[in-house]
Amino acid sequence: MVRKKIIAANWKMNCDLAQANQLLDAFANAELVLNEHKVAVFAVPFPYLILAKDKLAGKKGLCVAAQNMHGKKSGAYTGETSVDMLSSIGISHVIIGHSERREYFQESNQFLADKTKLAIAEGLVPIFCCGEPLEVREANAQNEYVAKQLEESLYGLSYIDFLHVVIAYEPIWAIGTGKTATSEQAQEMHAFIRSSIAHKYGKEVADKISILYGGSVKAANAKELFAMLDVDGGLVGGASLNATEFIQIINA
Ligand code: PGA
């Protein structure tokens, strides 16, 4: 079966307007090898979402994502952004549960379960992040750790809803550190995640879910990582801020 390949850029809290314009123009004009089975997703900061949409929309295989959303539909949540706002401006994807949100904004597995459910209900594709910190990896307890994240945030979803989920495995020790997981380590965890999904929802569903790897992906390692059987693309932070580098990653 053909699983969708997704190469996602996560700009995090970077770029002023001039830099955002420059980067988006570079991607809008680049020769990207994309089709219905392989898309590039740009998770830009909120102030640039409409800009990104205007510049990239309509180009084959290019999508725009938010980096976060709130878990409630609307209301008195000063400073927050709702899923309806995102869908009303044509955003198709949203990152949920990035480790930086879990760490700095105390987002719990339960809170992330609510967000994921709401995103799907409103027609957005959640890119759900999971992954273990260094001490868990050193104790060789990464499978249990990630299984708990999936269990508590995703496995309350119906089988139909779960089919909309994209998962990004991002070992925290590899994010922004330059220390990438080896392609074998990535494959091992991705296969574990897929087997966990198969156990919960059946093999047919598990085979359809795209599982991205994130953590110091760059042009130099993308090809090897993306060639692994269960690695269906990447979620790229630092290297997505360099147009030449990210274009190489997309085309890897
Ligand atoms: P990195 O970040 O590519 O800079 O390691 C990845 C991420 O946090 O999504």
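The structure is a predicted model, in which local features need pLDDT of at least 70 and side-chain atom pairs count only at pLDDT 80 or more, while totals for chains, interfaces and linings use all residues. Residues are numbered from 1 along each chain as its sequence is written, and side-chain values use heavy atoms, with hydrogens and water left out. Thr180 itself is found in the loop between S6 and H9, and a polar atom of its side chain also lies 3.3 Å from the backbone oxygen of Ser216.

Ser216 is found in the loop between strand S7 (211–214) and helix H11 (219–226); helices (H or I, at least four residues) and strands (E, at least two) are DSSP runs, numbered from the N terminus. Most residues other than glycine have a negative phi. Ser216, although not a glycine, has a positive phi of about 55 degrees. With a relative accessibility of 15%, Ser216 counts as buried, where buried means under 20% relative accessible area, exposed over 50%, and partly exposed in between (1.4 Å probe, protein chains only).

Ala174 is found in the loop between strand S6 (166–169) and helix H9 (183–201). Although Ala174 and Ser216 are 42 residues apart in sequence, their C-alpha atoms are 6.0 Å apart in space, and Ala174 is buried, with a relative accessible area of 0%.

## The ligand and its surroundings

The ligand is surrounded by 13 residues, of which the closest are Lys12, His98, Glu170, Gly176 and Ser216; a residue is near a molecule if one of its heavy atoms lies within 4 Å of it. By class, this shell has four nonpolar, seven polar and two charged residues, with Ala, Val, Leu, Ile, Met, Phe, Trp, Tyr, Cys and Pro counted as nonpolar, Asp, Glu, Lys and Arg as charged, and the others, Gly among them, as polar.

Taken alone the ligand exposes 280 Å², and the protein buries 95% of that; accessible areas come from the Shrake-Rupley method with a 1.4 Å probe, and for residues only the protein chains shown count as cover.

## Aromatic rings and charges

A search of the whole structure finds seven aromatic pairs, where rings of Phe, Tyr and Trp (its six-membered ring) pair if their centres lie within 6.5 Å, and planes under 30 degrees apart count as stacked, over 60 as edge-to-face and the rest as tilted. Phe27, Phe42 and Phe246 are linked by ring pairs into a cluster.

A charge sits over a ring if NZ of Lys or CZ of Arg is within 6 Å of the ring centre and within 35 degrees of the ring normal. The charged end of Arg101 sits over the ring of Phe105, 4.1 Å from its centre, and Lys200 lies over the face of Tyr201, at 5.8 Å from the ring centre.

## Other individual residues

Gln106 is found in the loop between helix H4 (99–104) and helix H5 (109–121), where it has a positive phi of about 50 degrees although it is not a glycine; Gln106 is exposed, with a relative accessible area of 62%. Gly123, placed in the loop between H5 and strand S5 (125–130), is likewise exposed, with a relative accessible area of 59%.

Ser153 belongs to helix H7 (residues 142–153) and is buried, with a relative accessible area of 3%, while a polar atom of its side chain lies 2.8 Å from the backbone oxygen of Asn109. Ala66, in strand S3 (residues 62–66), counts as buried at 0% relative accessibility, and its C-alpha atom is separated by 17 Å from that of Ala113, 47 residues apart along the chain.

How values were computed:
Polar contact = N/O pair within 3.5 Å; in protein donor to acceptor, adjacent residues only side chain to side chain.
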